[in-house]
Amino acid sequence: MTSPLSPEEIETLARRRASAKLGWYVHAAAFVLVNALLFAMSRYAFGTRPWSIYPLLGWGLGLVLHGVSVFLLGSGDGLRERMVQREREALQREQAQKQQEHHRP
């Protein structure tokens, strides 16, 4: 049903995927830096209660979900691509069967 990707489409898809991965790396770097600062503040500046664990856990969950969406669902080797490929193959089989039935006398 779908034709192979053109070189321009491959380039666009590759750039989109690379940008998504780079975005996750920037997100991870900000996570580490900000949470290190929050830890230092909770440990040394604003008492001894370990309150910095709460933003760490919340933001950590967001970072994990972001990583899942980029690396598992958005990459060529990921779950999403495999599912799309399976659906594409099923549709191609259905179309081939309909064409065979149409050409039978």
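Student: Why is L56 called partly exposed?
Tutor: The relative accessible area of L56 is 31%. Buried means under 20%, exposed over 50%, and partly exposed lies in between, with a 1.4 Å probe and protein chains only. The value of 31% falls in between, so L56 is partly exposed.

Student: What are the ground rules here?
Tutor: This is a predicted model: local features need pLDDT of at least 70, side-chain atom pairs count only at pLDDT 80 or more, and totals for chains, interfaces and linings use all residues. Residues are numbered from 1 along each chain as its sequence is written, and side-chain values use heavy atoms, with hydrogens and water left out.

Student: Where does L56 sit, and what makes a stretch a helix?
Tutor: L56 sits in helix α2, residues 53–72. Helices are DSSP runs of H or I with at least four residues, strands are E runs of at least two, and numbering starts from the N terminus. By that count the chain has 3 helices and 0 strands. Its pattern along the sequence is α-α-α.

Student: What makes the nonpolar patch that includes L56?
Tutor: I53, Y54, L56 and L57 make it, with about 400 Å² of surface. Patch members need over 30% relative accessible area and no salt bridge; nonpolar side chains (Val, Leu, Ile, Met, Phe, Trp, Tyr) are joined within 5 Å, like charges within 9 Å. L56, at 31%, passes the area cut-off. Areas come from the Shrake-Rupley method with a 1.4 Å probe; for residues, only the protein chains shown count as cover. The chain as a whole exposes about 8,500 Å², and carbon and sulfur atoms supply 64% of that.

Student: Which residues of α1 are buried, and what do they pack against?
Tutor: The buried ones are W24, H27, A28, F31, N35, L38 and S42. They pack against α2. Across the 105 residues of the chain, 13% count as buried.

Student: Why is N35 called buried?
Tutor: Its relative accessibility is 7%. That is under the 20% limit, so N35 counts as buried. The side chain of N35 reaches the backbone oxygen of F31 at 2.9 Å. Beyond four places in sequence, N35 is in contact (heavy atoms within 4.5 Å) with A30, P55, L56 and W59.

Student: Why does S42 get the label buried?
Tutor: S42 has a relative accessible area of 2%, under the cut-off, so S42 is buried. S42 lies in α1, residues 7–45. Setting aside residues up to four places away, S42 touches G47, T48, R49, W51 and S52.

Student: What makes the pair S42 and S52 a polar contact?
Tutor: Their side chains are joined at 3.1 Å. A polar contact is a pair of N or O atoms within 3.5 Å; within protein, one must be able to donate a hydrogen and the other to accept it, and residues adjacent in sequence count only if both atoms are side-chain atoms. The 3.1 Å distance is within the limit, so the pair qualifies. The S42 side chain also reaches the backbone oxygen of F39, at 3.1 Å.

Student: How do you know that E11 and R15 form a salt bridge?
Tutor: The N to O distance between their side chains is 2.8 Å. The rule asks for a side-chain nitrogen of Lys or Arg within 4 Å of a carboxyl oxygen of Asp or Glu. Side chains of opposite charge can pair when their charged atoms come close. E11 and R15 both lie in α1, 4 residues apart, about one turn of the helix. A search of the whole structure finds 1 salt bridge.
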